[in-house]
Amino acid sequence: MFVGRDRELKKLNEMYESDRFEFAVLYGRRRVGKTTLIREFMRDKQGIYYMSVEGTRKENLTGLSKALLTQEDLLKNTAEYRDYESLLDAIDTIALSGKRMIIAVDEYPYLAASYPAISSMIQSHIDSCWKDSRIFLILCGSSMSFMEEQVLGYKSPLYGRRTAQFKVHPFTFFESRQMLTVFPTEQQAILYGVTGGIPEYLSRVDQKLSMDENIIRLFFEESGRLFEEPVNLMKQELKEPMTYHSIVSAIASGASKINEIATKTGLETSGCSNQLSSLIALGIVCREVPATEPVTSRKTLYHLADSMFLFWYRFVRPNVSSIIRGVGKQVYQTLVLPQLNDFMGQIFEEICRQYLFLPQIYETLPFPIGEIGRWWGNNPKARRQEEIDLMSALDKKALFCECKWRNEKVGSDVLETLMERGELFADPDKYYYIFSKSGFDDAVTLSANAYTNVKMVGFCDMCSV
């Protein structure tokens, strides 16, 4: 069953209906659903699909030849083209015929690695023949640095040729719910958190099992689909992955400043900075500055952007030996379950951020928020550090949000604290949103009703939009 990706499919179909040359570039981390999106788009259309392999030039030439030679008007008494120039000439034949034809090359970085000249050759054929044809070219890849630098980058031979680009992101919580319909909303949020919204991982959730049984089966059994997933992903994407494992472990355990990460890992700060940049490029780590600070601010913190990695490094990696010995279920019940609410705190902040950007919610906001993120800084009056879960400011207006994922109802103290922190800012127009998993007690509801700039949003309300 195909779910989600409505915007991407709509755009691809609009491009297809243009009836002119189109060149779409798709990229995103592994398992995020790029291949499924391409196949869904091509399902009722004439086209050629080839999944490149991490192999030799000859292997990829043979594979791409077989894909291309399935077209009736190109059938010849040959198993493959003798070289890439001959293969691209055959695509010229399709272009000159006037046919609408999709040519999709998946995992393009593997093809380019096996034959580096291919990008320049494709550029030459685009310029000399395809740009005036009805060819629809799709190049797709999981190596985000390669796709951004070697396909989209200004130094690439293909620079300026693409007509659209799609960075395919993990599902939001609201998209993930379509794959978790049998579970209560709170459990949907937890399953979204432990899978990071990655469609392939979500597809492994068995609708016939309970949430706990699914998490144990996926993470806490040696044969589980996600038992070694971060290790395998790091091996595929990075050289010397063990150093990166140490950095991610340090962040998962609470280290957020670069000097803290360096101290926990025993690495030099400069080397640690370079490796953090690689993890940021892969979407595993996120660099964060206070919401009101410029991106160049030195008040930098690092956290895990991929919540599946956060869950795995926090709960699975420290207990690998126990899981291998067959007591993963007990590890989950005794060590993980009591900490799930704490783990979900960061996840709930992200869900609240996603909620604010739902079109039907965004248009009701007091002003059009742009960038929104956490804020932390000094309270000079109280002489202490303060933190605000989510904040956005624009044209003397500011929005302050508190996000509470806990079993008890939110009380008046939460609203009072948030409004006190809001007074640290000079913006004349201040608005306060409080999000709560378990709702609000009568006192804070009564207090909130006395203000026109305060909104209380329960998790059940968020899930009903």
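**View 1. E22 and its surroundings.** Leaving aside residues up to four places away in sequence, E22 touches M15, R100, I135, F136, L137 and T163 (contact means heavy atoms within 4.5 Å). E22 belongs to strand β1, residues 22-27 (helices are DSSP runs of H or I with at least four residues and strands are runs of E with at least two, numbered from the N terminus). With 5% relative accessibility, E22 counts as buried (buried means under 20% relative accessible area, exposed over 50% and partly exposed in between, with a 1.4 Å probe and protein chains only). The side chains of E22 and S18 make a polar contact at 2.7 Å (a pair of N or O atoms within 3.5 Å; within protein, one must be able to donate a hydrogen and the other to accept it, and residues adjacent in sequence count only if both atoms are side-chain atoms).

This is a predicted model, where local features need pLDDT of at least 70 and side-chain atom pairs count only at pLDDT 80 or more, while totals for chains, interfaces and linings use all residues. Residues are numbered from 1 along each chain as its sequence is written, and side-chain values use heavy atoms, leaving out hydrogens and water.

**View 2. R5, ahead of α1.** Look for R5 in the segment before α1 (6-17). R5 is not a glycine, yet its phi is positive, near 60°. Most residues other than glycine have a negative phi. R5 is buried, at 5% relative accessibility.

**View 3. R383, between two strands.** R383 sits in the loop between β8 (373-379) and β9 (384-394). R383 is exposed, with a relative accessible area of 76%.
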